[in-house]
Amino acid sequence: MIAWWQILLLTLYAGYQILDELNWYTCAGSAVFSGMITGLIMGDLQTGLFIGGSMQLTVLGVGTFGGASRIDANSGTLVATAFAVGAGMNPETALAAIGVPVAAILVYTDIAGRFANTFFGHMCDADIEKMNWGAYNVHYLLGAVSWMLSRMIPVFLALAFGQGLVEGITTALNGDWKWLGDGLSVAGGALPAVGFAILLRYLPVKKHVAYLLLGFVVAALFGTAFTSIMNLNANIVAVNGALGKGAVDMVGMFNNMSMLAIAIIGFALSLLYYKNNQRPVAAAGAAEGDDDDEL
Amino acid sequence: MSSNEKLANGTTGYKITKDDLAQINRRNLLGFQDGWNYERMQHSGYLWIILPTLRKLYGDGTPELKEACRAQCAPFFNTSNFLNTIITGIDLAIEEEEGIEGLEAVAGLKTGLMGPLASIGDSIFGSLLPTIFGALAANMAMNGNPLGIFIWVVVNILVDWFRCKQTHMAYEQGMKLVTTMSDRLNALTDAASVMGVFMVGALVATNVGIVIAAKPVIGGVTVDLQNICNMICPKLVPAALVGFVYWLLGKKGMTSTKAIFIVLVLSIALGAFGIICKG
């Protein structure tokens, strides 16, 4: 169940986040932030973080290129998390079955909001002719209202009236439609691949393909090693428990691979690249000097 | 100074102060893109953030003010919302000096710089930083740790500080800034994209969660395909999937939203037949 005050808070956040994303940009408009806030409001932070994180990776490459409308991952995460917690849906299924469709549908309200602002833009032109600056401020700032409503209305409608529908879907996916439910949770795992591929389309991959390979292999090897060690640790704990040797608790001694550490390797490589790239100018000068000596 | 006393260039001779620039920064951070629309995009926002300064510069109620505002608001304008105040700063340096005589130069400056700044801004602030810090935040979040989100917030606050700083820089240096900036930014963008590409490689290996589930029986022997793939290199299946989507995106008429739905449908189908599963 989603309580009325939860719907209210989530709707307000949906309006706030788009202004944040457009203007002061603290990352509150991102999917992963939306997952955290929605998780907190719904009382299940872990589910929120998981859905938000997955959605963030799915849309990683979908930037704001040329001001085009894009899939609204923030609102998709919000609605998916709310229902995953409220209707007890598995997070991966909620991501694929609710998050992605909602995010795609909200492209249309985004377009409607941007159209409404065309109207306000013309009112601003008229205010300049009258040199009525008070009216200019009002008409300009009304644009913020259409931006907010383009998120708040669909999010509110989905949360307030979608509950029965989503509960029905959840029951079906756990019952007769289990194959679809399983498929959707596979999709939840596969979707980030799209985000990475889009991103590679925008980055100079051909020029830097060596770094792509390096990043992949370093993370693949370390990731596998860390997972194996954690499994081993879990097994040792289980065996100790079975032998009655008491709690030789090694849980917590071994953590997941730290992505921050991997990022630091990436930063180091980028730093080296930057330094080496500045060198050719000096090197060329030195080479010329050598030539002169030889001649 | 009364609005009747005009210099030859149409201004009141007003000198733009640090407070004016601070006000421009406040307006820029609070609402530069509120008026964004399909027809002329950031046109009304460009004027809105400098409107109080223009009123001081040309004097309230003067025909010069109307002319200047018309020239700023009427044409199409769209650039990176992280770098737009570079144009604003240079613009004000010109208008303060030359008044309405300078409006033609300003129009050229706006149309000339908005494209290049948009591509630099989109690649650094719209793509690389969200990739590196968004991916970090997402990765930690999926492991149940919100710390990465707060790291991203701190980085974005630094970016906002930089956005404010650059207004002052652009106003003080004027046109000179354009030449000094472009070389350094190119080198930085290039180095940053090294890190971006590296991170994408690492993310493919850690965040695409699918493995081959099918174990076909060939000649009486059960072949564990996933195990064979692991022996070649771990995480080969995620890499293949990303490669496939990359190829798909190169097709004519393909959009990111279409690609997302194609992967959705394919995963459901392959998952339902037990060929791949979550891993």
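View 1. Of the 295 residues in chain A, 51% are buried, where buried means under 20% relative accessible area, exposed over 50% and partly exposed in between, with a 1.4 Å probe and protein chains only. The structure is a predicted model, in which local features need pLDDT of at least 70 and side-chain atom pairs count only at pLDDT 80 or more, while totals for chains, interfaces and linings use all residues. Residues are numbered from 1 along each chain as its sequence is written, chains are lettered from A and ligands numbered from 1 in the order in which they are written, and side-chain values use heavy atoms, with hydrogens and water left out. Chain A holds 11 helices and 0 strands; helices (H or I, at least four residues) and strands (E, at least two) are DSSP runs numbered from the N terminus. Among contacts (heavy atoms within 4.5 Å) in chain A between residues at least 6 apart in sequence, 73% join residues at least 24 apart.

**View 2. The interface of chain A and chain B.** Chain A contributes 99 residues to the contact and chain B contributes 107 residues. About 9,000 Å² is buried between the two chains, 73% of it on carbon and sulfur atoms; buried area is the accessible area (1.4 Å probe) that two parts lose on being put together, summed over both.

**View 3. Salt bridges across the interface.** The rule finds 4 salt bridges between chain A and chain B, each a side-chain nitrogen of Lys or Arg within 4 Å of a carboxyl oxygen of Asp or Glu. A salt bridge joins A:K207 to B:D190, with 3.0 Å between the closest N and O atoms. On the side of chain A that touches chain B, helix α5 (residues 91-130) of chain A gives the most, with 16 residues. That side divides into 64 nonpolar, 29 polar and 6 charged residues; Ala, Val, Leu, Ile, Met, Phe, Trp, Tyr, Cys and Pro count as nonpolar, Asp, Glu, Lys and Arg as charged, and the others, Gly among them, as polar.

View 4. Chain B comprises domain 1 (18-203) and domain 2 (210-278), with bounds from an automatic or database domain assignment. The centres of domain 1 of chain B and domain 2 of chain B, taken over C-alpha atoms, are 42 Å apart. B:L188 lies in helix α7 (residues 176-207) of chain B. B:L188 counts as partly exposed because its relative accessibility is 43%. Between the C-alpha atoms of B:L188 and B:W161, 27 residues apart along the chain, the separation is 18 Å.
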